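Please open the model in your viewer, with the sequence panel beside it.

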Amino acid sequence: MFELLQVDPKTIFQLYFWGNFFTCILIFSFSFSYATSDNKKILKWFGLGKLILTLAWIMALLRNIIPDFVSINIANSMIFGACCFETIAMLSLIKAQAKRLFQIQIAITTVAILFFNIATLFDASMNTRVIIGGVGIFAIYLLPTITYFTEKEKSFFKTFYVMCYMAFEVLIAIRAVHRYLYPQNLIISNDTLDSLYSICLFLLTLIGIVGFLLLVKERQDNKIKKLLSDKNQFFSIISHDLRGPLGSSVSLSEILLENIDQYSREEIKEISEMLHDSNKNIYKLLENLLEWSRVQTGMITFNPKNILLNALIEENIELSKNVALNKNISILFESDELVETAADQNMISTILRNLLSNAIKFTDKNGEVKVKLLKANQKVEISITDNGIGVPDAIKEKLFKINGKVLQKGTENELGSGLGLLLCKEFVSIHEGTVWVESEMGKGSSFKFTLPLLLN
């Protein structure tokens, strides 16, 4: 019975090769035909890992035909690299912002490749190389597995997928310990444990791939549901907030048109100013609606460049000064040093304009708005603080949510849709930062957001 479990190493390599080859076809077909633009990037990493793994198994199959350096060192380095690409794809699905984790994965992979190549350089035994390879792969897959259990958002497919890799980790650990206790000078020995290990590893890999694709589909379906929900709220904003200022413009223009001969110059000027304010509100709302729709449909591209934040803040303060002067509000900028970071200039300008506009809107005449720029915990923090009416606790949590409708007029009954703050949150998230508000009724508000610091 145990003899039936023994598998020839070449058969195992061929099995791994064909399994990875057809997996590549499946993943890239799914990517080109069904996946959304953000999922395509994840599938690209996963598919690239499987493609590199396929090439590595070809080199392993050609051992004793091609030079040992290619069939051993390069092939195993490619296997480590393939595992790194696959785990980066895993982390992208498990965690929304995983840039630092990606860097850790690359570092672990680099160390594993160096250790393995140094071992072969000093003529380490086959058994030692097998143990180093097993420990290296175990280390590469360990972080994504642990990361899953620290995440709050869990689902059936996510659990199913990670459980496959937990079993994968257990198998690798058992084999490494077994090889350490019972050394053998073969890549894959003919004993029962190695045969079971190879068969189970192959099956777990296939099951894991299915789990990965199901997880991608679940993520895609959830995004579609969110987009549909946001779309309904989006139309609600249009119907409610656009109708008001448009109705005012129509009424005012109608009054002016029908009774222009009866009004004095001062009355015409007053109606024209009201009409102008109404049209400005319409334009601002349409501008935000356009930006929001472009974000949701993926039409806005993130184009980060090294920028001097001090200069960008001063530029946007200048653009807001005319509006502030109408209420005799002073805008002050404070910063102890010049701060440079990699950011999308248009997005940061949109954030600053919206937050400055809100600060002016909810500040009484002769008030003050302060903009501060400082470095904190390897991040850049920008705060826009006013001494206005403040934000009630009941609506703080709703400010950055599309389904949290906020109705609060400015100090001179200025209208707003709240869409500007949603845009701020979207753009800050794209920069992997956070945005929040600190406020006390009657004492003003402080809207703050962070950006990654450009390290020297």
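A residue is called buried when its relative accessible area is under 20%, exposed when that area is over 50%, and partly exposed in between, using a 1.4 Å probe and protein chains only. On that basis, 45% of the 456 residues of the chain count as buried. This is a predicted model, in which local features need pLDDT of at least 70 and side-chain atom pairs count only at pLDDT 80 or more, while totals for chains, interfaces and linings use all residues. Residues are numbered from 1 along each chain as its sequence is written, and side-chain values use heavy atoms, with hydrogens and water left out.

Colour by secondary structure next: the chain has 12 helices and seven strands, taken as DSSP runs (H or I of at least four residues for helices, E of at least two for strands) and numbered from the N terminus.

Now select helix H3 (residues 68-94) and helix H4 (residues 99-121), which pack at an angle of about 165° with their axes 10 Å apart; the axes are lines fitted to C-alpha atoms over the stretch in contact, and angles run from 0 to 180 degrees between N-to-C directions. H3 and H4 are therefore roughly antiparallel to each other, a label given to angles over 145 degrees.

For the next stop, select Ile137 and Phe212, which touch the most other members of the largest nonpolar core, a set of 43 residues. Such a core consists of buried Ala, Val, Leu, Ile, Met, Phe, Trp, Tyr and Cys residues joined through side-chain atoms within 4.5 Å. H3 gives the most to this core, with 10 residues. Leaving aside residues up to four places away in sequence, Phe212 touches Ile42, Leu43, Phe46, Ala89, Met90, Leu93 and Tyr161. Apart from this core lies another, of 40 residues, among them Ala324, Leu352, Leu373 and Val428.

Finally, which residue sits in the loop between helix H9 (309-326) and strand S2 (330-335)? Select Asn328 there: its phi is near 55°, a positive value in a residue other than glycine, and Asn328 is partly exposed, with a relative accessible area of 49%. Then move to Asn366, in the loop between helix H10 (345-361) and strand S4 (368-376), where phi is near 65°, again positive in a residue other than glycine; Asn366 is exposed, with a relative accessible area of 59%.

Note on methods
Angles under 35 degrees count as roughly parallel, over 145 as roughly antiparallel, 65 to 115 as roughly perpendicular and the rest as oblique. Contact means heavy atoms within 4.5 Å.
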